[in-house]
Amino acid sequence: MPEETLLAFDFGEKKIGVAIGNTLTRHARPLEIIFSEVRDVRFARIEALLREWQPHRVVVGLALASDGGEQPATARCRRFANQLHGRFGVAVELVDERGSSVQAQQLLGTHAADDAMAAAVILQRYLDKPPAP
């Protein structure tokens, strides 16, 4: 598989965690947190990140209920993923984000803002997934 740069997003209505990684090192790292509830501000920052990093695809955490079913936040994540694809023409992958914030807090050792680390956890799950045959 050729090397690909990936950006990941942990979507929230008040802030969005962002992480970066690539398929060569198969390692994800936190990048930043976008703090804004204003859609245009969010998408302007996302556009700048896409221009800067030029990812081959993006990964969006999919908020599922504890039983794996859909919940209201699931639809918001899907809508965000569709907006990324529609606005920027980038390929989007959805990854189950259940437990990513708890795992991020454990990795950070704190309850501080963990959204970027949660995005890294989500991206790492994508990178750790065995390739399809």
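This is a predicted model: local features need pLDDT of at least 70, side-chain atom pairs count only at pLDDT 80 or more; totals for chains, interfaces and linings use all residues.
Residues are numbered from 1 along each chain as its sequence is written, and side-chain values use heavy atoms, with hydrogens and water left out. Local features need pLDDT of at least 70 and side-chain atom pairs count only at pLDDT 80 or more, while totals for chains, interfaces and linings use all residues.

**View 1. The largest pocket holds about 230 Å³ of space.** A pocket here is an open set of points on a 1 Å grid over the protein atoms alone, where a 1.4 Å probe fits, with protein on both sides within 12 Å along at least five of seven lines. Its volume is the space filled by probe spheres set on the points, joined across faces, edges and corners. Around the pocket sit F11, E13, I16, E37, R39, R42, F43, R76, R79, F80 and Q83 (lining residues have an atom within 4 Å of a point). Two or more of these come from each of α1 (39-53) and α2 (72-88); helices are DSSP runs of H or I, at least four residues, and strands are runs of E, at least two, numbered from the N terminus. The largest share, 4 residues, belongs to α2.

**View 2. Here α1 crosses α2 at roughly 60°.** Their axes, lines fitted to C-alpha atoms over the stretch in contact, come within 12 Å. The two helices are therefore oblique to each other, a word for angles (0 to 180 degrees between N-to-C directions) that are not under 35, over 145 or from 65 to 115 degrees. R39, F43, I46, E47 and L50 of α1 meet F80, Q83, L84, R87 and F88 of α2, where contact means heavy atoms within 4.5 Å.

**View 3. A65 lies in the loop between β4 (57-62) and α2.** Leaving aside residues up to four places away in sequence, A65 touches E70, Q71 and R98. What about G21? It sits 44 residues from A65 along the chain, and their C-alpha atoms are 26 Å apart.
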